[in-house]
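Biologist: I'd like to learn how to read a structure like this one. Could you walk me through it?

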Amino acid sequence: MALNVEQATKRFGNFTAVDNVSLKVERGEMHGFLGANGAGKTTTFRMILGLLNPSSGQISWNGKAITYATSPEIGYLPEERGLYPKMKVEDQLVYLAELRAMPKREAKREIANWLERFEVPHYASKKVEELSKGNQQKIQLIASLLHKPSLLILDEPFSGLDPVNVEMLKSAILDFQQQGATIVFSSHRMDHVEELCDDISILDKGKMVLSGSIRDVKRSFGKQNVRIKMDGDLSVLINAEGVDNYKKTHDGALFQIADEAAAQLLLTESMKLGAVRHFAIEEPSLEEIFIAKVGKAYA
Amino acid sequence: MHSFWIIFKQAFLTKATTKSFIITTVIVCASFFLLANMSKILDVFQGEDEDHVLYIVDESGELAPRLQEQLQLADRDIQAVPTEQTEKELKEGIVADTVEAYLVLEQGEELTARYVTKSANELENGSNIEQAVQSLQTILTAEKLNLDNNQVEQLFAPALFEREAVSESSKSQEELSQARGLVYILIMLIYISVIYYPNMIAMEVATEKSSRVMEILISSVSPVKHMFAKIAGIGTLGILQMLAFGLSGFIAIKTAGTSMTEGIYSVFGFADVKISTFLFAVLFFLLGYFLYAVLAALLGSLVSRTEDVQQLMLPMMLLIIVASLIAFSGISVPEANFVTIASFIPFFAPLVMFLRVGMLDVPLWEPLLSIAIMLVTIGLLGWLGARVYRGGVLMYGSAQSLKDIRKAIALGNKK
């Protein structure tokens, strides 16, 4: 049971949107798919869903090609949210679930459960256009997982949501993963990815620049952060051996170092400059890795 | 196949339950009843009219009753009343609206009459009175010449005048005028439905695209299935609506009690309706619908916003309008060359070939050939439409034009 993307390439005329991307997601895993705008995430998703055929390469789900015959096993939340604005929430969800081969009665029961869980049971007979954007998002998520797919693809599931709703949707997605679903999702929010995913991959201009478990990715990045909180000017330490980068913070500074020896050096040097209130060696955040890999243009 | 029916049902029900659709259907059905009972309704209004009073200034005193005779013979509701009033008094009466009209009659060598009313627009009574005066004059002259009634009748016996067409394919003049009204109405219906229902489809597709629900739909079912299920759903809706129209029209005529072959209805030619005309109408309605529906779905799949639908539909609308122009102008000359040629051009055929089979006795192979051409065209368009649709529904951009068809095909391509 796995999603397997092998050397998928998609060309539109002379433009290569996705270039030789390989990806393997095991059953029950949650995979974070990162990339700047226009990096080729949506095109990759569309190829996985069979909406677009790859120019070359193979994509399979459980060893089989993904076709409309397998559509009941797959759920999709597109980046551009799409629901019928004038249709009632329940009718709409039933319709979309039926298209994925879910019996009507079962769909209705599940819809009631989900609306209850998202604390919006009274929306069942409302038109979608009457709902706020955040609430439409909830309906959109329900539409993607109502029919209990074993592979769920979420393109930017949390964009435009307030923190309370983000938590609500996150826990729903985590529960769904626990029930055995394989999930691929993309996001611009690194903290969400860091919190939810086992594995990540980073896409840049159609090419896969990084892939693996979060721990491996961080380890292989080979850089750590040193955070120092103290009064006084720390910029003199920028030339210390092993320091790659320096950033002033409101109560001290953040150094990026290449190895742990540099941390000890920074500690002794900073103590000479004054009283150190706080000293910590931190793992690099995904955001830093992303920026380092994809470039400062995206931040 | 299951998902086909779900989309079919959805396309059908969402349209069938919209207020505008229900209201349109009800209004059209109601107007049939109104039309069928038109003569009764007219009677109600006319029944309350009193007879028109026409004052006669006649010095001899003999002419007024004889004019009245003529008016009654011609079945006019005008009372000729002799009066002693002077013309001056009568004119004042007209100005004061107490007198509707008066007639000054004088008998010299021949009859002279002067008809005076308030407004010159009042023509109908005027010409009726003129006819009555004319008849009176004839009778008076006949009396002068000592002709008896028989001789007068002979004098005015009408000539027999009949039209006959020699061409083999043409129906006799009588048949033609009977067919014309019905064919006209049916062409009108086909014309309206090949505009109305395909437009519905284009709007539906564009709405699904602009609300972005399309991406979810076509990740669940294939775009081709989605397109044809939609066309079938709206098509069924169209057939049912037309059936409702036809049925209410039929019931309206039956219950109206007036014979539809008389009076104003004789123009429509319901007297001698051939069942084959209706069968051809249904057939050409279906073919025309599918032809234009596939085209509309193709065009609808290219736009990103519903506002752009009309712009992209324009070429298709022009095709339909040209077809209707040929058909409507061909009603008076169904044998013209341009009509014959147009009846084999697939986009014109639904209207024009129907016109020909309705108006002429064309050999059967001609409509069959035309139908075959249309079926092939529908097949080709369906194939092309499916390819464009597959890519078109994924395409979002600002400016849409027909050039995008190539882009859409490239996007939907296998490789």
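Modeller: Let's go through the domains, a helix pair and the chain contact in turn. Keep in mind that this is a predicted model.

Biologist: How far apart do the C-alpha centres of domain 1 and domain 2 of chain A lie?

Modeller: Begin with the bounds: the assignment for chain A gives domain 1 as 2-218 and domain 2 as 223-283. Their C-alpha centres are 41 Å apart.

Biologist: Now the helices. At what angle do the axes of H2(A) and H3(A) cross?

Modeller: Helix H2 of chain A covers residues 89-99, helix H3 of chain A covers 104-117, and their axes come within 9 Å and cross at roughly 130°. That angle is why we call H2(A) oblique to H3(A). As for handedness, the crossing of H2(A) and H3(A) is right-handed.

Biologist: Which residues meet there, between H2(A) and H3(A)?

Modeller: From H2(A) you have Glu90(A), Leu93(A), Val94(A), Ala97(A) and Glu98(A), and they meet Lys104(A), Ala107(A), Lys108(A) and Ile111(A) of H3(A). Sort that contact by class and you get 5 nonpolar, 4 charged and no polar residues.

Biologist: And between the chains, how many residues of chain B are in contact with chain A?

Modeller: There are 19 from chain B, in contact with 21 residues of chain A. On chain B's side, helix H1 (2-16) and helix H9 (214-220) each supply at least two residues. H9(B) gives the largest share, 7 residues.

How values were computed:
Residues are numbered from 1 along each chain as its sequence is written. Chains are lettered from A and ligands numbered from 1 in the order in which they are written. This is a predicted model: local features need pLDDT of at least 70, side-chain atom pairs count only at pLDDT 80 or more; totals for chains, interfaces and linings use all residues. Two residues are in contact if their C-beta atoms, placed from the backbone, lie within 7 Å. Helices (H or I, at least four residues) and strands (E, at least two) are DSSP runs, numbered from the N terminus. Axes are lines fitted to C-alpha atoms, for helices over the stretch in contact, and angles run from 0 to 180 degrees between N-to-C directions. Angles under 35 degrees count as roughly parallel, over 145 as roughly antiparallel, 65 to 115 as roughly perpendicular and the rest as oblique. A crossing is left-handed if the near helix is turned anticlockwise from the far one by less than a right angle, and right-handed if clockwise. Ala, Val, Leu, Ile, Met, Phe, Trp, Tyr, Cys and Pro count as nonpolar, Asp, Glu, Lys and Arg as charged, and the others, Gly among them, as polar. Domain bounds come from an automatic or database domain assignment.
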